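Okay, thanks for making time, everyone. Let me put the model up, and then I'll walk you through a few parts of it.

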Number of protein chains: 2
Amino acid sequence: MAHRPRLSAASRPATFSVDACDEAGQVIATPIAGEHPLTVYVDKREVLTIMTLGAAPEALVIGFLRNQRLVDSIDDILTVQVDWDVNAAAVTTRSGLAKLEERTAKRTATTGCGQGTVFGDLMEDIGSIRLPKEARLSEATLFALLDRVRVHESIYKQAGAVHGCALAKGSEILVFVEDVGRHNAVDAIAGWMWLEGVTGEDKIFYTTGRLTSEMVIKAAQMGIPFLVSRSGLTKMGHDIANQVGITMIGRAVNRRYLLFTGTERFVRP
Amino acid sequence: MAHRPRLSAASRPATFSVDACDEAGQVIATPIAGEHPLTVYVDKREVLTIMTLGAAPEALVIGFLRNQRLVDSIDDILTVQVDWDVNAAAVTTRSGLAKLEERTAKRTATTGCGQGTVFGDLMEDIGSIRLPKEARLSEATLFALLDRVRVHESIYKQAGAVHGCALAKGSEILVFVEDVGRHNAVDAIAGWMWLEGVTGEDKIFYTTGRLTSEMVIKAAQMGIPFLVSRSGLTKMGHDIANQVGITMIGRAVNRRYLLFTGTERFVRP
C-alpha cells in the first residue's frame, strides 16, 4: 500500500459576512473570503508563514514543500498537523532537515527573500522536464471542462477575492481548490496529487489566474501537458511554455480560447 | 533642495506580440504583458529577485526597500541603476548595510522565505499608525476618480495579466502604475512618493487588485487614509482596515461601490 502521511483535517470556513454600505445608502451583509496566516514548521523548525483561505491546509503545506522542492517524495512526510488555535502547521519528516538546511543555506547565501531564490532554483531544473508528446486534448473536451469549471467556483461567486485551480482528466474535474493566493491553489493541487498518488501526464491543469512564469513552471514540474487559464499570460510565461513544450491555452471562457503553445497536442474539430 | 538619488531611466516595453490560434482557427497577433526578472543588489549585496513588467523599475526598487523597511528614508539612497542587459538593479546607500544585515539576520533566523517574515515585521508596527481623522472623500469625487482611472488602464486593456494602482489627490491622478505583480505596483507608487516628496495624508490609493492584509498594511504605512479597489477583500484585510481606521471601499466600478470601514470620512450626497 502507498504511504500516506497522518493528517489533520482542519479546514477553515471559506467566507465570513461583514456589513457594507452601498451607493444607495443601504447596509448590505457582504460575504468576504477568509484569509489566515499559517506558519509552517518542519521538524519543529519554522519555515515560513503562508496567508491562506485555509480550505485545504494539509494539501497546501505538502504541495508547498513539494513545489519548493524541500522534500523529494510524499514518503518523506510522516505527519501534517494543522492547528488554527495557533495558526500553525507542524510537519514531521522521515529523513530530517538535511534538504531543508541545504536549501535554506543556499537561499540565505544569495537572497533575503525566498521568492527570488526559489524561482532561481525552479529555473535550474527546467531543462530536464519532459512532457508527453502523445497526449491529446480535443476542443470538445476543453469546452466540456470549461462548462464544469463554471459551476465549481462557489467561493469566488460568493465573495470574490480568490483564485481557483482545477485538476482534470478529460472533462472530469478531479479536484478543485480556491485560495486567496494564486500560488496557494496550485500548491494545494500539487499536494493533493502526491496524497492521492495521481500523476500529471494525462491531466489538464485549469486556473482562473494569470499564466506568469512561476505558474507555467509549476504546471510543467507537476508533469501536466495541458495548462488552461481564463486569464491572460505574460511574455516570460509564454517563453517558458515554449521551452518546456507545454500546451498552453489562455482566455478560455465559454466557447472562446486562445491556443498559444504546444499546438500539436490540441485537436480541433 | 530635497535629496534625490541618481537614477537610471530604464523602462522596458510594456507589451509584446505573440501569435495565438483562436476558436475559429484564425492566427491572431496577441499583445501580452512583459515579465522580467530584476535582481536587486544593495551595496553590491544581492537582496532578491523581483518579477516585474519593468515599466518603472527605479521607483519599484525604492518602494520595495521602503515598504520592506530596509531603508528609513529616501536620504539613505544614493543611486539606483537598472541594467536590463543583466536584469539587475544596483542600489548604493549612504549608511551601508547595517539595517539590511539586521533585517536579513532576523529573517533568516525565523523563516526560509521573506514573504512570511516580512509580513510579521509589518504587523509589529501597525499599532503606531495614525491616519488623519479629518480627511474627507465625497461620493462625487470618488465617481470622478473612477472615471479617470478607467482611461489610464492601457496595458490591462491591451494585454491583461497586470494590476494597476493609482495615487490620487481628489479626482486627480498623480501617478498610475501597472505591473504583473499586485505588490510591485504598490511598491512603485511608494517609491514615487519618496522620490517626489509626496505624503499620503490627503491622498487616495486606488488598486485594481484585491484588498488582502498586505495591501491594507502597505496603504496604511504610506499614511494614506483612503483605499479604493475595483475588487473584493479578505477577512484579514477587513480586520486590519478596522484596526488602523482606514476608509476602505471595495467593488468600486462606475457608479457602484461598497463602503466597508472608516465610514466617518466618506461624504454621501
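**A walk through the model**

Let's start in chain B, where five strands make an open sheet with the order 1-6-7-4-5 and mixed pairing. Two strands pair if DSSP finds at least two bridges between them. At the edges of this sheet sit strand 1 (6–7) and strand 5 (45–52) of chain B, each pairing on one side only. Further in, strand 4 (residues 36–42) and strand 7 (residues 88–93) of chain B run parallel and are joined by four bridges. Thr39(B), for instance, stands opposite Ala88(B) in strand 7 of chain B.

Before I go on, some housekeeping. This is a predicted model, so local features need pLDDT of at least 70 and side-chain atom pairs count only at pLDDT 80 or more, while totals for chains, interfaces and linings use all residues. Residues are numbered from 1 along each chain as its sequence is written, and chains are lettered from A and ligands numbered from 1 in the order in which they are written.

Now over to chain A. It has eight helices and 15 strands. Of its 269 residues, 49% count as buried. By buried I mean 20 or more other C-beta atoms within 10 Å of the residue's own; exposed is 12 or fewer, partly exposed is in between, and C-beta atoms are placed from the backbone. As for contacts in chain A between residues at least 6 apart in sequence, 54% join residues at least 24 apart. A contact here is two C-beta atoms, placed from the backbone, within 7 Å.

How is chain A split into domains? The assignment gives domain 1 (6–127) and domain 2 (128–267), and such bounds come from an automatic or database domain assignment. The contact takes 26 residues from domain 1 of chain A and 27 residues from domain 2 of chain A. Which element gives the largest share of the domain 1 side? That's helix 1 of chain A, with eight residues. By class, the side of domain 1 of chain A that touches domain 2 has 18 nonpolar, five polar and three charged residues. For the classes, Ala, Val, Leu, Ile, Met, Phe, Trp, Tyr, Cys and Pro are nonpolar, Asp, Glu, Lys and Arg are charged, and the others, Gly among them, are polar.

The buried set includes Glu58(A) and Arg66(A). After helix 1 of chain A comes Arg69(A), with a positive phi near 55°.

Next, strand 13 (residues 247–253) of chain A, where six of the seven residues are buried. On one side, strand 12 (residues 226–229) of chain A runs parallel to strand 13 of chain A, with three bridges. Between those two strands the chain passes through helix 8 (residues 235–244) of chain A, and this β-α-β crossover is right-handed. That handedness means that, with the strands pointing away from the viewer, the path from the first strand over the helix to the second runs clockwise. Strand 13 of chain A also pairs with strand 14 (residues 256–261) of chain A, antiparallel, over four bridges. Ile249(A) is bridged to Val228(A), and its partner in strand 14 of chain A is Leu259(A).

Strands 13 and 14 of chain A form a hairpin with two residues between them. Asn254(A) has a positive phi of about 55° without being a glycine. Arg251(A), which lies in strand 13 of chain A, also isn't a glycine and has a positive phi of about 55°. Arg251(A) counts as buried, with 20 C-beta neighbours inside 10 Å.

Last stop, the core. The largest nonpolar core has 154 residues, and Val216(A) and Val216(B) have the most contacts inside it. Such a core is a set of buried Ala, Val, Leu, Ile, Met, Phe, Trp, Tyr and Cys residues joined through C-beta atoms within 7 Å.
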